[in-house]
Amino acid sequence: MLQAQQELLDWQGRGCSVMEVSHRSPEYVEVAQQAEQDLRDLLSIPSNYKVLFLQGGASAQFGAVPLNLMQSEKPLAQYIHSGHWANKAIAEARRFGEVTIAGSSEDKGFTYAPAESALKLDPAADYLHYTPNETIGGVEFPYIPDSESLGVPLVADMSSNILSRPLDVSRFGVIYAGAQKNIGPSGLAVVIVREDLLDRARPEIPRILHWRVSADADSMDNTPPTFAWYLAGLVFKWLKEVGGLEAMEELNRRKAEKLYAYIDGSDFYSNPIARDSRSRMNVPFVLRDDSLDGLFLQQSKDAGLLNLKGHRVVGGMRASIYNAIPEEAVDALISFMDDFARQHG
Ligand code: PMP
């Protein structure tokens, strides 16, 4: 953000902002291509995958996925139901065809990732969709479902854990992510799609959602969100500078481990998620006495610890510790939580 601020009014000595230049100008096309290349380097994306920079966030992809992948005759998709965001994706897909549930954790309030051995995969499905990290629930899958070996493309909504650690992209048919957690400004979505999946779309699909159209136009069939794409490029450069995804994984592991260890060791706070399914990005926790929630939120805010209120559908607290959160911030949170527990425990 500091770099963006410094060059906001005078980008590359041109006397204008990057958001003022044409998306078709050679200088902007270079920004766009470099961002794609840096993302490819970070995730080691194989050459038979296209990388798209699209609009409408992850939510537009909830509709784009079925429209691109569900057959017109007997459309059938499978979804794993792991909580709030999976539910949104399922509801949207049901508007376009039949959806069966390959696995669900609804029986225990979405506090774990359905076990791999319990999945009921259907080889007739057009694809299998899952949400590797449930942002609100704080549930992260400890495995990658293996539908690909049945010939069923695997689709993942990686909005809240993409770039948090290295990833074997070749295990997926499609990966998509809203940008606003680990990539850049909201509104942008990144889609990584294997080339053999580009030509299955239904004829009535809107052009703007058609992955083939976007792939052929280098994501410039219409005017892309140029400033968001540029900022995403700066984030990719930063990730490379700090050591890439191996370094991020190490940092994220340390941050999450110390926060969960503190919560587990306390009788004042608790986290309800099964240990093997705990998210490294989103750490929900509740106070033993929820009448103190308001005071906790007020005092933590006063201490400079922001956005700790849990999502309205689950209540309690949630610490989102994405890539941009330094380890010192987690230390400060633990220290605040400890002081608060001593005062009120
Ligand atoms: N999926 C997941 C896992 C998310 O966390 C979010 C946003 N928090 C979305 C989808 C929706 O993203 P957007 O608001 O960019 O459409």
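Modeller: A residue is counted as near a molecule if its C-beta atom, placed from the backbone, lies within 6 Å of it. The model is predicted: local features need pLDDT of at least 70, side-chain atom pairs count only at pLDDT 80 or more, and totals for chains, interfaces and linings use all residues. Residues are numbered from 1 along each chain as its sequence is written.

Colleague: Which residues are around the ligand?

Modeller: They are Gly 57, Ala 58, Ser 59, Trp 85, Thr 131, Thr 135, Asp 157, Ser 159, Ser 160, Gly 178 and Ser 186. Helix H3 gives the most to this shell, with three residues; helices (H or I, at least four residues) and strands (E, at least two) are DSSP runs, numbered from the N terminus.

Colleague: How do you know that the radius of gyration of the chain agrees with that of a compact globule?

Modeller: The radius is taken over C-alpha atoms, and the globule rule is 2.2 Å times the number of residues to the power 0.38. For 345 residues the rule gives a value near 20 Å; the chain has 21 Å, so the two agree. Buried residues make up 40% of the 345 residues.

Methods:
Buried ≥ 20, exposed ≤ 12 C-beta atoms within 10 Å, placed from the backbone.
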